[in-house]
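The structure is shown below.

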Amino acid sequence: MRRLLLLLLGLLLLHQGRCFEFVIDGEWEDETSDVRPQGRHKRAILTSEEQEDFEAIRGDDITVKSYKMESRITSRFAHTTVRTSVVNSATTAQSIGFNVQIPKRAFITNFTMNVNGIIFLGSVKEKTVARNLYAQARARGKAAGIVRANSQDMETFKTEVHVPPGSHIEFELHYQEMMQRKLGFYEHSLYLQPGRLVPQFQVDVYIYEPNGISTVETPNMLGSQFSDFIKVTSSKDKAHVVFKPNLQQQRKCENCSGSAVDGVFTVKYDVTRDSNAGELQVSDGHFVHFFAPSNLSPLPKNIVFVIDVSGSMWGVKMKQTVEAMQAILDDLTIDDHFSIVDFNHNVRCWNEELVQGSSIQVTDAKKYIQSIKPNGGTNINEALMRAVQMLVRASNQGLIDPRSVSMIILVSDGDPTVGEIKLSTIQKNVKRVMREEFSLFSLGIGFDVDYDFLERIAMENRGMAQRIYANHDAAEQLRAFYSQVSSPLLRRIAVQFPDDAVSDVTHNRFDKYFSGSELVVAGKVLPSESGVLTSFTTASAARLDITLQTEANTAELDMELAKQQHSFTGFARQMWAYITVKQLIAERSLAPTAAKKRKITQQIMSLAVEHQFVTPLTALLVESEDAKERLLADSPRDPKHGCCSGMTGAGGASASNGLAPRTIVYHPPPWVQMTTPAPRSQAEKGPEEWALPQQVNLVDNDPHFIVHLPTSNMDVCFNIDSKPGHILNLVSDAGAGVVVNGQLIGSKKLHKNHLSTYFGTISVYYQPDGLSVTVSPDSVSMTDGSNNHTFTWGATAEISQDGVRISIVKNSHVTVTMNNNIQVMVLLHRVWKKNPVSVDFLGIYIPHANQYSPLVHGLIGQFSREPEVSVHGVHEGVDPLKKEATMEVKGNQLLVTRGWQKDYRRDKRRGSNVYCWFIHNSGKGFIDGHYTDYIVPNLDSFLPTL
């Protein structure tokens with residue numbers, strides 16, 4: 001049965017198919033008033049029966065020659081094309097329908113149709129303009145449109161064309177969307193339900209990720225019979241997924257005439273990440289910065305669960321909510337604090353105060369949840385007020401960690417019926433009492449709830465909303481949502497850029513970042529002579545503050561995209577427009593005045609027309625090549641289904657509510673040198689100057705020790721000939737609480753009957769803060785006993801925690817500073833991966849000016865007290881290029897050889913010569929005791945008293 005509420009496309013055949021007329025039956029927004037006229041049509045919801053009866057191609061006696069879907073995903077932005085070719089095989093004229101289910105967050109960008117050689121081309125225009133042009137055709141049919149389907153992630157585009165027998169029709173629909181990362185994956189879904197056997201049926205998904213693809217999965221949701229027909233081909237940065245069953249393979253059974261292809265075709269993937277600084281890409285005059293750090297310890301959580309227990313929750317809804325809460329409560333840790341507020345016409349609290357997530361408290365809370373009996377009305381306002389008051393009290397009393405994340409999770413299935421029932425007043429009340437550090441997440445169960453209200457109230461308070469569908473897997477939906485927000489890693493994230501480098505930047509400040517998600521910032525790149533764009537990301541993690549730096553060449557990606565056959569070359573420009581339009585639509589829903597709303601409306605329409613997005617404020621005008629026949633598709637707004645298509649859920653809520661695009665100005669911290677990058681050949685040499693004193697003690701290469709003696713104005717060298725796996729103590733200062741140890745690794749094989757050893761791991765332990773920093777050729781990690789954070793060498797970063805500061809320079813070195821008076825620098829050496837002998841290793845450079853306590857010792861630390869040294873009797877040695885002499889030190893007379901070792905700080909490839917007196921036998925006589933006395937059991941072990 002056709003519904004007047006559905007927006008359908010009609011083509012009426014007149015005069016032997018040579019004259020077409022079209023009409024529209026759509027919803028138009030009135031900018032001058034928020035009051036809806038009586039009788040206005042709303043988008044209809046498909047019933048479950050209609051959903052089950054959905055077919056991509058509808059007609060009584062038709063031949064579907066082909067049905068093809070192709071998605072090109074480039075850097076998380078997807079352009080999908082749906083094409084089908086149909087013949088009316090009936091002996092009479094009939095209506096043929098073309099229906100496509102698309103993701104709710106997608107924008108339709110074009111629709112074309114070829115009916116017996118008459119081609120209709122689409123273009124996006126402002127609704128009023130499209131309506132006026134369309135009115136010229138005077139209507140008798142119905143228009144194409146988007147209707148909300150009763151499914152979790154899809155909405156339906158429907159068209160219908162009335163054609164004579166033998167007619168040939170080709171439909172083609174295009175839409176675009178940004179992939180959202182959830183729980184560590186991007187998920188791309190295509191709805192396949194042709195409803196019949198198709199001779200040429202094919203689905204192609206092409207993925208190109210410039211930084212590399214780490215994993216591709218194709219969970220089979222179509223049925224076991226198709227498991228062997230989904231083919232995946234992947235390389236480092238590309239993947240191709242194809243599904244191409246032939247006619248026989250499509251059949252429900254061997255002799256069946258019906259198609260078994262019925263369901264969602266899903267591709268899940270994730271990308272390779274070189275560092276926690278994110279991935280900065282520049283293309284077509286636009287940039288996109290992806291930020292998805294990992295290997296960080298979660299922040300503690302303070303959660304108040306606010307649960308609707310009114311009469312409408314009786315039955316499956318309450319059963320599923322209780323089931324989900326059992327699992328959610330089990331996820332809490334002893335570092336988390338929580339409580340529960342349940343409400344109907346009254347408001348009750350399981351506990352009036354936040355309590356620790358101990359096993360005893362969790363068990364008691366689960367019993368309380370199980371005892372709830374739904375009844376009565378719905379008092380949302382009072383319940384939210386009580387929840388906020390609980391968080392405020394805990395904060396004022398200092399009961400919660402100031403670096404923790406505080407949130408309210410509201411679960412409701414209906415509009416308020418008791419107490420304050422005016423939605424705008426409830427929204428204002430919550431906004432007034434919520435603190436900046438609190439977030440509100442709204443979960444709407446079923447379709448009776450005003451989802452638009454839940455979305456607005458969440459967005460306005462640094463959260464996000466999600467609809468939960470009241471069916472058998474509602475509990476799983478609730479658990480999945482909680483999983484997205486259960487592991488906050490960062491707070492107060494800001495992604496910034498140098499002055500005059502960018503413009504029209506999307507929201508760049510975020511309240512929180514959750515594990516497994518992704519924050520995305522886009523904008524336009526201003527002309528620059530340097531050809532490099534740099535971003536700086538600042539954030540707060542558990543007990544530490546972070547500044548991360550990354551950069552991108554502004555021309556390289558465009559050259560690479562030009563080589564890719566199946567990439568979407570305009571992805572950066574379209575992604576910037578997509579994010580901007582989504583954010584503007586969200587801001588429009590929160591606009592406090594009609595004037596601001598009109599201003600935002602104009603911005604949305606301008607961008608949507610320029611980038612060809614069908615939005616609630618624009619329409620797709622489809623007209624024949626001679627512009628005599630027109631039809632129109634629009635996307636009317638439905639307050640029951642939200643304003644913003646889920647854009648607020650992309651990793652963290654934005655803390656910025658500015659209405660206009662903005663230029664970000666960033667004044668870098670003092671440690672950042674804002675210079676024009678050197679050409680690649682020079683940059684490989686490393687920085688010319690480092691912020692380290694000239695006088696250092698160092699250990700580098702195999703491992704060669706160089707000790708500088710400033711009073712004697714000489715350098716003394718020695719090697720340590722130990723074994724792989726041994727941990728050598730370099731500095732041990734029990735007074736200052738500082739330990740520096742290094743663990744040896746061996747070369748890949750013997751060279752000239754000798755196995756070389758190098759430092760493969762350096763550990764710096766600062767006892768006053770209980771903080772260990774461990775450096776390897778792969779990463780830099782830090783732990784304080786309860787929190788663990790890991791950073792790669794792939795980005796410049798600054799990390800501060802208590803009295804320790806860590807500065808990482810991309811692929812170069814890391815400096816650890818303790819209490820502002822002790823510093824250790826670790827230099828990264830990387831070799832050719834296929835080198836048959838050498839391995840990646842580390843060098844250690846320690847300033848002589850470090851302020852140790854009198855208790856300091858270690859292979860290097862002992863020389864903070866400079867021994868008296870004299871050298872005499874210089875004479876020719878066995879090697880005429882190397883003099884020999886006698887050194888008197890610590891009561892010993894040692895035979896020493898004049899030579900040189902390398903300081904690699906200024907030139908990592910060749911090094912700078914440091915001339916020194918070399919002491920043989922692993923420094924015997926120059927160091928206290930024997931080198932084996934400096935072997936310690938663990939990386940954070942202090943040296944026993946020698």
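## A salt bridge on a helix

In this predicted model, R393 has a relative accessible area of 27% and is partly exposed. R393 forms a salt bridge with E353, and the closest N and O atoms of the two residues are 3.3 Å apart. Because E353 lies in the loop between β21 (347–349) and β22 (355–356) and R393 in helix α6 (residues 380–396), the pair ties together parts that are 40 residues apart in sequence. E353 likewise counts as partly exposed, at 28% relative accessibility.

## Helix α6

Helix α6 has 17 residues, which at 1.5 Å a residue should span 24 Å; the end C-alpha atoms are 24 Å apart, in agreement with that value. Its buried residues are I380, N381, A383, L384, M385, A387, V388, M390, L391, V392 and A394. An α-helix has 3.6 residues a turn, so residues three or four places apart point the same way. After α6 comes G398, which has a positive phi near 70°.

## Further salt bridges

The structure holds 32 salt bridges in total. One of them joins D336 and K301, with 3.0 Å between the closest N and O atoms. This pair links distant parts of the chain, 35 residues apart: D336 is in the loop between α4 (316–330) and β20 (337–343), while K301 is in strand β19 (residues 301–308). Are these two partners buried or exposed? D336 has a relative accessible area of 2% and is therefore buried, since the limit for that class is under 20%. K301 also counts as buried, at 5% relative accessibility.

Another salt bridge is formed by the side chains of K524 and D504, at 4.0 Å from N to O. K524 lies in strand β29 (residues 519–525) and D504 in the loop between β27 (502–503) and β28 (509–514), so this pair ties together parts 20 residues apart in sequence. Both ends have intermediate accessibility: K524 is partly exposed, with a relative accessible area of 29%, and D504 counts as partly exposed at 24%. Elsewhere, salt bridges that share partners join R76, R181, E209, D270, R273, E279 and E518 into one network.

## Aromatic pairs

A search of the whole structure finds 27 aromatic pairs. One of these involves F226 and F243, whose ring centres are 5.5 Å apart; the pair is edge-to-face because the ring planes stand at 90°. F226 is in the loop between β13 (213–217) and β14 (230–234), and F243 is in strand β15 (residues 238–243), so the contact ties together parts that are 17 residues apart in sequence. Both F226 and F243 are buried.

F305 and Y482 have ring centres 6.4 Å apart and planes at 45°, so this pair is tilted. F305 lies in strand β19 and Y482 in helix α9 (residues 474–485); the pair therefore ties together parts that are 177 residues apart in sequence. F305 is buried, with a relative accessible area of 2%, and Y482 counts as buried at 4%.

## Charges over rings

Which charged residue sits over the ring of F185? The charged end of K268 does, at 4.7 Å from the ring centre. R898 lies over the face of W917, 5.1 Å from the centre of that ring.

Technical notes: Residues are numbered from 1 along each chain as its sequence is written. This is a predicted model: local features need pLDDT of at least 70, side-chain atom pairs count only at pLDDT 80 or more; totals for chains, interfaces and linings use all residues. Side-chain values use heavy atoms; hydrogens and water are left out. Helices (H or I, at least four residues) and strands (E, at least two) are DSSP runs, numbered from the N terminus. Buried means under 20% relative accessible area, exposed over 50%, partly exposed in between (1.4 Å probe, protein chains only). The expected span of a helix is 1.5 Å times one less than its number of residues. Rings of Phe, Tyr and Trp (its six-membered ring) pair if their centres lie within 6.5 Å; planes under 30 degrees apart count as stacked, over 60 as edge-to-face and the rest as tilted. A charge sits over a ring if NZ of Lys or CZ of Arg is within 6 Å of the ring centre and within 35 degrees of the ring normal.
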